[in-house]
Amino acid sequence: MKKEDINSMFNLPDESKGLAWRFVMTDPLIAGFLYTYKDSVAVGIGSPIKSLFQEK
């Protein structure tokens with residue numbers, strides 16, 4: 001991606017600024033992130049398999 005597109009998409013003032021966003025949910029246990037870089041965006045999510053299949 002072009003750095004100008006990333007800055008525009010996330011409303012960043014210039015290439016020296018970035019965005020880091022993380023979240024954690026506890027029931028079920030799930031964590032995720034979004035990070036901006038100068039020419040890319042990283043997105044991830046994860047959870048222990050066991051916590052996704054626990055019966056309530």
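## Briefing: strands, a buried Asn and a nonpolar patch

Asn-7 touches Leu-12, Asp-14 and Glu-15, leaving out residues up to four places away in sequence. Keep in mind that this is a predicted model.

**Asn-7 and its helix**

- You'll find Asn-7 in helix H1, which covers residues 3–9.
- Is Asn-7 buried or exposed? Asn-7 has a relative accessible area of 14%, so it counts as buried, the cut-off for that being under 20%.

**How the strands pair up**

- Strand S1 (residues 20–26) runs antiparallel to S2, and the two pair over seven bridges.
- To get from S1 to S2, the chain makes a hairpin through two residues.
- Which residue of S3 stands opposite Gly-32? That's Ile-45.

- Strand S2 (residues 29–36) has a covered face made of Ile-30, Gly-32, Leu-34 and Thr-36.
- Its uncovered face has Leu-29, Ala-31, Phe-33 and Tyr-35.

**A closer look at Leu-29**

- Leu-29 sits in strand S2, on the uncovered face.
- Leu-29 counts as partly exposed because its relative accessibility is 39%, and that label goes to values between the 20% and 50% cut-offs.
- Which residues does Leu-29 contact once its neighbours within four places in sequence are set aside? They are Val-24, Gly-46, Ser-47, Pro-48 and Ser-51.
- Now compare positions with Asn-11: the C-alpha atoms of Leu-29 and Asn-11 are 30 Å apart, with the two residues 18 places from each other along the chain.

**The nonpolar patch**

- Ile-49, Leu-52 and Phe-53 together make a nonpolar surface patch of about 360 Å².
- Where does Phe-53 sit? Look in the segment after helix H2 (49–52).
- Phe-53 is exposed because its relative accessible area is 64%, and exposed means over 50%.

Definitions and conventions:
Residues numbered from 1 in each chain as written. Predicted model: local features only at pLDDT ≥ 70, side-chain atom pairs only at ≥ 80, totals over all residues. Heavy atoms only, no water. Patch = residues over 30% accessible without salt bridge, like charges linked within 9 Å, V, L, I, M, F, W, Y side chains within 5 Å. Areas by Shrake-Rupley, 256 points an atom, 1.4 Å probe, with all protein chains shown as cover. Salt bridge = Lys/Arg side-chain N within 4 Å of Asp/Glu carboxyl O. Helix = DSSP H or I, 4+ residues; strand = E, 2+ residues; numbered from the N terminus. Buried < 20%, exposed > 50% of the residue type's maximum accessible area, 1.4 Å probe, protein only. Contact = heavy atoms within 4.5 Å. Pairing = 2+ DSSP bridges.
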